[in-house]
Amino acid sequence: MADKIGEMAWLDLSVNNAEQVKDFYQQVIGWQSEAVSMGDYNDHTVMSPSSGEAVGGICHAQGCNADLPPAWLPYFLVENVTESVAQVLANGGEMVTEIKSMGDDKYAVIKDPAGAVCAIYQKA
């Protein structure tokens, strides 16, 4: 995972059929996966077949991911998510989600003026 402001810190996909889609990418790309307990169900971290490093996640579109679009979603590292949200709104963008927490980290899904969706992510 990236640790420099402005870099892509993570890549996620939220879909209704995460198990099937995880299997699809394992066959197509060669990713390995690890289950991540979300309480009543598991999401999946996917790892590079060459390095074994975590490169993203394939998640069920439920719980905290229920309002996310079914598309690969890059998470870009920002210094302060609250200040970045203010810039999104001041520069013609839109909020897809409110600011959310994942542990001590914070993120929000945004839409740029052209309609492209991404997330901005602040590490604790």
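Predicted model: local features only at pLDDT ≥ 70, side-chain atom pairs only at ≥ 80, totals over all residues.
**Figure 1. The side chains of Lys100 and Asp67 meet in a salt bridge.** The nitrogen-to-oxygen distance in this contact is 2.9 Å. The two residues come from distant parts of the chain, 33 residues apart. Lys100 belongs to strand β7, residues 100-102, whereas Asp67 is placed in the loop between β4 and β5. The structure holds 2 salt bridges.

**Figure 2. Lys22 and Asp23 form a salt bridge.** The closest N and O atoms of the pair are 2.9 Å apart. Lys22 is buried, with a relative accessible area of 11%. Asp23, by contrast, is partly exposed at 38%.

**Figure 3. Nine residues make up the largest nonpolar core.** The members are Ala9, Leu68, Leu73, Tyr75, Leu77, Tyr107, Val109, Ala119 and Tyr121. Three strands each supply at least two residues of this core, namely β5 (72-77), β8 (105-111) and β9 (117-122). The strand that gives the most is β5, with 3 residues. In soluble globular proteins, nonpolar side chains tend to be buried together.

**Figure 4. Tyr75 and Tyr121 form an edge-to-face aromatic pair.** The ring centres are 6.3 Å apart, and the angle between the planes is 85°. Tyr75 lies in strand β5 and Tyr121 in strand β9, so the pair ties together parts that are 46 residues apart in sequence. Both tyrosines are buried, and both are among the residues of the largest nonpolar core.

**Figure 5. Ring pairs link Phe24, Tyr25, Trp31 and Trp72 into a cluster.** The structure holds 6 aromatic pairs. In one of them, the ring centres of Tyr25 and Trp72 are 5.3 Å apart and the planes stand at 80°, so the pair is edge-to-face. This pair links distant parts of the chain, with Tyr25 in helix α1 and Trp72 in strand β5, 47 residues apart. Tyr25 counts as buried at 17% relative accessibility, while Trp72 counts as partly exposed at 28%.

**Figure 6. Phe24, Val28 and Ile29 form a nonpolar patch on the surface.** Together these three residues have about 280 Å² of accessible area. Ile29 is found in helix α1, residues 18-29. The relative accessible area of Ile29 is 41%, and the residue is therefore partly exposed. Phe24 also takes part in the ring cluster with Tyr25, Trp31 and Trp72.

**Figure 7. Strand β4 pairs with β1 and with β3.** Strand β4 (residues 54-60) is mostly covered, with 5 of its 7 residues buried. Strand β1, residues 8-15, runs parallel to β4 and is joined to it by 4 bridges. In this pairing, Asp12 has Gly57 of β4 as its bridge partner. Strand β3, residues 42-47, runs antiparallel to β4, and 4 bridges join the two. Here the bridge partner of Met47 is Ala54 in β4. The hairpin of β3 and β4 has 6 residues between the strands. Within this hairpin, Gly52 takes a positive phi near 75°.

**Figure 8. Ala71 and Val117 are 46 residues apart in sequence.** In space, the C-alpha atoms of the two residues are 8.9 Å apart. Ala71 is placed in the loop between β4 and β5. With a relative accessible area of 39%, Ala71 is partly exposed. Asp67, the salt-bridge partner of Lys100, is likewise placed in the loop between β4 and β5.

How values were computed: Residues numbered from 1 in each chain as written. Heavy atoms only, no water. Core = buried A, V, L, I, M, F, W, Y, C linked by side-chain atoms within 4.5 Å. Buried < 20%, exposed > 50% of the residue type's maximum accessible area, 1.4 Å probe, protein only. Patch = residues over 30% accessible without salt bridge, like charges linked within 9 Å, V, L, I, M, F, W, Y side chains within 5 Å. Areas by Shrake-Rupley, 256 points an atom, 1.4 Å probe, with all protein chains shown as cover. Salt bridge = Lys/Arg side-chain N within 4 Å of Asp/Glu carboxyl O. Pairing = 2+ DSSP bridges. Phe/Tyr/Trp six-rings, centres within 6.5 Å; stacked < 30°, edge-to-face > 60°.
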